[in-house]
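Please open the model in a viewer and keep the selection tool at hand.

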Amino acid sequence: MGNRMATKTDSKPAGVADEKIRGAGKTYEGLSRDQLIEAYRIMYTSRRVDDREILLKRQQKIFFQISGAGHEAVGVAAGFALKPGYDWFYPYYRDRALCLALGATPHEMLLMAVGAAADPQSGGRQMPSHWSFPKLNVVTQSSPTGSQILQAVGCAEGGRYFAAHPQAAKKSEGDYRQFKDVKFQRDEVTYVSLGDGATSEGEFWEAMNTASNRKLPVLFVVQDNGYAISVPVEVQTPGGNISRLVAGFPNFHFEEIDGTDPVASYAAFARTVAYCRAGEGPGFIHAHVIRPYSHSLSDDERLYRPDAERNLDAARDPITRTQMFLLREGILDENGINKLEKQVEDELQVAVDQALAAPPPTPDTIELYIYSPDLDPTSPSLQTEPAFAAPAADGKKLAPKTMADLINTTLRDEMRRDERIVIFGEDVADCSREQYLKEKLIKGKGGVFKLTYGLQNDFGPDRVFNSPLAEANIVGRAVGMATRGMKPVVEIQFFDYIWPAMMQLRDELPLIRWRSNNGFSSPCVIRVAIGGYLTGGAIYHSQCGESIFTHTPGIRVVFPSNALDAAGLLRTAIRCDDPVLFLEHKRLYRETFGRAPYPGPDYTIPFGKAKVVQEGTDLSVITYGAVVPRALQAAQKLEREQGVKVELIDLRCLNPFDWETIAESVTKTNRALVAYEDTLSWGYGAEIAARIADQLFDHLDAPVRRVAAKDVFVAYQPILEDAILPQAEDLLQAMKELTDY
Ligand SMILES: Cc1ncc(C[n+]2csc(CCOP(=O)(O)OP(=O)(O)O)c2C)c(N)n1
Ligand SMILES: [Mg+2]
């Protein structure tokens, strides 16, 4: 029997051209005729959603619009070559057609445009076209150009890690793992896309570096429409062609294609995806596309592009090209095209009507999902007693350990307990050339402060390894890994060098959960060596600046002053379901002050709980970090000299912080001094001082004072350093003035 449809022409679906019936078995680079009709339906839908949004914006019914126009063919090709809910996706705002091809609906997109409570992507928090579909593995995207790329690399590393450590993927009670589901496939691919302009961002090159070096299954897609707003590609890319620049990266499969042609695009994607799936390495597809609707609705490209140039683009419009292709190949006739388009319009009208009727979110929801709703790191249940070992039989005291020792031990304990933990950063490995370690030719480094010493030796190079010298690389990859359920505990070598990672630390890490309305999260730990009093540390090895991070909602900030607190708080940080910035004062690493015996493998301290270092009745001193021992010294002297009893509060955790303890103390002493190592103006203590003045005014017998560093950077010469940073003498002076007031 022949093809039923080919013989029974009287029952052929209306609009399907006779040619289709004759060539029903024909495929185009592996795409069937039905798939091509589907491709056109998705592309056309994508364009029409843009058109409808533009209309809605003009009617002031939505508040922003950015289109995927001109990028539809490459999007649909990617969507057909990859698997939703199996592969992972870090798209950018032009990827409407990709998302539709993966299974997102116009209705969901329009809910985002109107900012509806039911918007499944962000609950009204993000602009439209900022895709986030947990079920499809489309990870929440942001607006900064290029900040998704390193996360995609980390995501791919996560998939590979779980494939090698399947036990690690298991659920576990009592920490973040209880709430963090892991799914992975051995041959999954991570898609990431960006524009031609975004290839100028440093993070793009940092991502290419690691994907290449580790042969990761990341599929980079540069959608090159020739412009970044008004800046043409030759200003971004030397020579005007990104393919030529990246050609030297080892291990890649490269394609440069006409991204307005869905068939050629699909062929390139099929080849590249096969390469990535086979574990050969990353792929790079450079797709030349067009941008017919200006950059966004706020831009008019006629201001910087003459008609002649724009007309050349228009001749390549993927919608008309694909329509012509279907007609030419006899896949659909005019009637079929009209019918398909009418169906799209009708469905779109319903989606628009529903979106416009969808209720907006209520203002009482704004603080939902800044932090995990599941695990409260301030919970009193985290207050445990240290399990010091019993003293030796000869009555000798347990050996007190330094802060550095106990941080190292805590990392080791936690790595043993939780196989999802990986440690990476600059110099953190014992030795990248593993054979030297194995052959015991060397002892190993383990960090410039040796905080991670021995961990690679104990846990192997896939759990403890060196990163390139690139801070955004460290944090961006950690974000991607944590999104997949790993627990990266990464190190930034010096706080002074945290700034290259700032885009990730300010615009990404703290926002993944909130902006996706709890669709995604990335709880990881960033350990950072911070602070001065080093004698010779100078400007670039002495900085503080914690207030920049406590000013950022969504990230917890911890700053211990002694070994026991460092151990307990680091453990809480690692088990926590939120991102944590863990600040370790370099001067305190090996100080005699605050040493303690090993408190056991389960010692935790809740966040946001200050420690009263010494009780007093005359003056409250609120401080943290390396100022604690200095304030203690001053307080003891004041008591010896004048009998003044200072209540000394070590905050330990800066976000959240323990307002209750501060308020109780100041209410009792009626005097407050806030002391911190960072520069005085707009420093962390400024907020504490303001709150005391605001909320405890009636209890105050003296003004709230601050002692902090002078408003300059820390200088090299110790005489200058001493003058710049707050000293015990400065604290004593301020304490005296306040008690005498
Ligand atoms: C880090 C950053 N800088 C600036 C912007 C503002 N901005 C948004 S899109 C854009 C141009 C992007 O061009 P390209 O990467 O070529 O993508 P296209 O929009 O052309 O698809 C700029 C400058 C931003 N979002 N992020
Ligand atoms: Mg562009």
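**Salt bridges**

The structure holds 51 salt bridges, each defined as a side-chain nitrogen of Lys or Arg within 4 Å of a carboxyl oxygen of Asp or Glu. This is a predicted model, in which local features need pLDDT of at least 70 and side-chain atom pairs count only at pLDDT 80 or more, while totals for chains, interfaces and linings use all residues. Residues are numbered from 1 along each chain as its sequence is written, chains are lettered from A and ligands numbered from 1 in the order in which they are written, and side-chain values use heavy atoms, with hydrogens and water left out.

Select E157 and R477, which form a salt bridge whose closest N and O atoms are 2.6 Å apart. E157 lies in helix α7 (residues 149-164) and R477 in helix α18 (residues 471-483), so the pair ties together parts that are 320 residues apart in sequence. Helices (H or I, at least four residues) and strands (E, at least two) are DSSP runs, numbered from the N terminus. Both E157 and R477 are buried; buried means under 20% relative accessible area, exposed over 50%, and partly exposed in between (1.4 Å probe, protein chains only).

Next, select E188 and R484, whose side chains meet in a salt bridge at 2.7 Å, N to O. This pair links distant parts of the chain, with E188 in the loop between α7 and β4 and R484 in the loop between α18 and β12 (487-492), 296 residues apart. E188 and R484 are both buried.

Then select R571 and D413, a salt bridge with its closest N and O atoms 3.2 Å apart. R571 is in helix α22 (residues 563-575) and D413 in helix α15 (residues 403-417), so parts 158 residues apart in sequence are tied together. R571 and D413 also belong to a network of salt bridges whose members include D175, R177 and D602.

D196 and Y227 are both buried.

**The surface**

Finally, select K445, found in the loop between α16 (434-438) and α17 (455-459). K445 counts as partly exposed, at 39% relative accessibility.
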